[in-house]
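The entries follow in the order in which I checked them.

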Amino acid sequence: MTLSEVMTTLQANIGSMYISNFNLYGKQFRVMVQAAPEYRSRLEDLDGMYIQTSSGQMAPVTIFLTITDITGPQFLSRFNLYSAMDVTIVPKPGSSTGDVINVVNTVAQEILPSGYSYEYSGISREEVKSGSQTTIIFALCLIFVYLLLSALYESYILPLAVILSLPIGLSGLYLFVFLAMMSGGTIVNNTYVQISLVMLIGLLAKNAILIVEYAIQNRQQGMGVVESAIHGAITRLRPILMTSFAFIFGLMPLAFSSGAGAIGNKSIGISAIGGMLVGTMIGVLVIPSLYIIFQTLQDRFNKKAFGSQDKADKKEE
């Protein structure tokens with residue numbers, strides 16, 4: 001008697017087994033054998049199930065089995081080969097997944113006993129992995145803009161007038177997101193807001209570049225530092241306002257969207273509108289001041305460099 005024969009007998013009586021087909025009314029039907037429910041509902045019913053031995057005699061299945069009644073789960077959940085338990089957490093309205101992850105990390109460190117740990121799976125696992133990359137991405141964006149402006153202006157000082165004007169608009173982004181949260185909205189600092197943040201770095205830098213570039217041209221034509229800054233701001237004010245407000249009004253449908261995907265659309269729309277509005281209205285006042293500061297520093301460094309070069313030339317003569 002083999003184990004396969006015993007298990008086949010149990011399958012045929014308890015779990016059903018396909019044995020043949022038959023044709024009826026022009027259709028083919030499958031033949032499944034299985035003991036009636038009243039003969040397989042209890043553990044004692046196994047005594048009524050027989051199997052043919054090698055000698056040709058019928059013997060109860062229980063002769064070949066040792067049955068122990070135990071209690072256990074229907075399935076075992078494992079994660080990375082460790083016994084695990086699944087926990088699903090739904091954030092309350094107004095809370096982001098990042099807030100939930102921070103709370104889970106804090107609570108797990110406080111209450112988990114020794115030998116127990118936790119891991120994230122699915123989208124949450126990817127979010128935890130990529131969370132540390134957000135700062136790197138923003139830093140690379142700023143470095144990339146700074147290097148391009150350094151090549152454009154042929155200076156490592158003047159690009160700071162553009163870079164330091166960016167936090168004004170970015171603060172407007174977080175201000176509008178905060179106001180949306182306080183008004184009972186579902187807007188949080190999510191991936192869509194971070195996309196708007198990267199986008200605003202380029203858009204706000206564009207406004208600052210317009211003013212600084214024109215001020216540099218005026219400076220090269222012989223104007224004073226303050227005069228060139230004021231003239232550049234006045235001259236570029238109209239195109240800056242036109243392009244900025246055209247962009248803001250273009251985002252209005254996203255800010256007031258509804259239906260499927262409304263949270264993502266509102267996150268991009270409200271955050272981008274806030275950053276662009278604050279960055280434009282306040283930036284046009286701050287950018288000329290920053291240009292005056294860094295252009296003055298640039299002139300001083302140039303005087304020192306040219307002065308030392310003149311002294312060196314005189315010594316050689």
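I work on a predicted model, in which local features need pLDDT of at least 70 and side-chain atom pairs count only at pLDDT 80 or more, while totals for chains, interfaces and linings use all residues. Residues are numbered from 1 along each chain as its sequence is written, and side-chain values use heavy atoms, with hydrogens and water left out.

Entry on Ser244. I looked up the side chain of Ser244 and found that it reaches the backbone oxygen of Ile240 at 2.7 Å. Ser244 belongs to helix H8, residues 225-250; helices here are DSSP runs of H or I with at least four residues, numbered from the N terminus. Its relative accessible area is 0%, so Ser244 is buried (buried means under 20% relative accessible area, exposed over 50%, partly exposed in between, with a 1.4 Å probe and protein chains only). Leaving aside residues up to four places away in sequence, Ser244 touches Asn207, Met276 and Thr280, where contact means heavy atoms within 4.5 Å.

Entry on Asn207. I then followed the polar contact of 3.4 Å that joins the side chains of Ser244 and Asn207. Asn207 sits in helix H7, residues 191-220, and counts as buried because its relative accessibility is 4%. Not counting residues up to four places away in sequence, Asn207 touches Ile240, Thr243, Ser244, Met276, Thr280 and Ile287. I also noted the C-alpha separation of Asn207 and Leu46, which is 84 Å in space for 161 residues in sequence.

Entry on Ser257. Which backbone oxygen lies 2.9 Å from a polar atom of the side chain of Ser257? I found that of Leu254. Ser257 is placed in the loop between helix H9 (252-255) and helix H10 (262-316), and it is buried because its relative accessible area is 13%. Its contacts, not counting residues up to four places away in sequence, are Ala262, Asn265 and Lys266.

Entry on aromatic pairs. I took rings of Phe, Tyr and Trp (its six-membered ring) as paired if their centres lie within 6.5 Å, with planes under 30 degrees apart counted as stacked, over 60 as edge-to-face and the rest as tilted. By this rule I count 2 aromatic pairs. Phe22 and Phe29 are stacked, because their ring centres are 5.5 Å apart and their planes stand at 25 degrees. Phe22, at 38% relative accessible area, is partly exposed, and Phe29, at 34%, is partly exposed too. Tyr118 and Tyr120 form an edge-to-face pair, 5.9 Å centre to centre with 90 degrees between the planes. Tyr118 counts as partly exposed at 29% relative accessibility, whereas Tyr120 is buried at 14%.

I looked up the C-alpha atoms of Tyr118 and Ala108, which are 10 residues apart along the chain and separated by 7.6 Å. Ala108 lies in helix H2, residues 97-111, and counts as buried because its relative accessibility is 11%. Tyr116, in the loop between H2 and helix H3 (122-131), counts as exposed because its relative accessibility is 61%.

Notes. Helices (H or I, at least four residues) and strands (E, at least two) are DSSP runs, numbered from the N terminus. A polar contact is a pair of N or O atoms within 3.5 Å; within protein, one must be able to donate a hydrogen and the other to accept it, and residues adjacent in sequence count only if both atoms are side-chain atoms.
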